[in-house]
Amino acid sequence: MEKFQKISSRIVMVLALLWMLAVSMGQLSVGQSYMGIGALSAYIGIQNIILLNWGHRTGNMPPKIAYLIQRHGNNKGLIQYVIVNILLFLLIGLAVLYSGWQLL
């Protein structure tokens, strides 16, 4: 799980840097720019939900989830983590992705 998390975080950083470089050089239209940031946000949401599922199955939660569980309790911590990931990263990312597609 830690290897997946490390590789995935590096992928996110590389993709974000490539997106920033392409936007700053003017290579992307507005719609393509929105699609890029929306896809990146949706990827982060999916990655975090995979990590939650993986941690729940193995019983070894990633540090950020373990911190929420320790701070808020098992149910509240997990609910807070899922709501933030589904609403903030996944749904908003998909909405931005769709908006970018509409601007093409």
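Which residues does Leu52 touch, not counting residues up to four places away in sequence? Leu52 is in contact (heavy atoms within 4.5 Å) with Met61, Ile65, Leu78, Tyr81 and Val82.

Before going on, a word on what you're looking at. This is a predicted model, where local features need pLDDT of at least 70 and side-chain atom pairs count only at pLDDT 80 or more, while totals for chains, interfaces and linings use all residues. Residues are numbered from 1 along each chain as its sequence is written, and side-chain values use heavy atoms, leaving out hydrogens and water.

Back to Leu52. You'll find Leu52 in helix H2, residues 30-58 (helices are DSSP runs of H or I, at least four residues, numbered from the N terminus). Gly38 is 14 residues from Leu52 in sequence, and their C-alpha atoms sit 21 Å apart. With a relative accessible area of 13%, Leu52 is buried (under 20%; exposed is over 50%, and partly exposed lies in between, with a 1.4 Å probe and protein chains only).

Leu52 also belongs to the largest nonpolar core, along with Met61, Ile65, Leu68, Leu78 and Tyr81, six residues in all. Such a core is a set of buried Ala, Val, Leu, Ile, Met, Phe, Trp, Tyr and Cys residues joined through side-chain atoms within 4.5 Å. Helix H3 (63-72) and H4 are the elements that give two or more residues to this core.

Now for Ile83, which has its place in helix H4, residues 74-103. Ile83 is partly exposed, because its relative accessible area is 45%.
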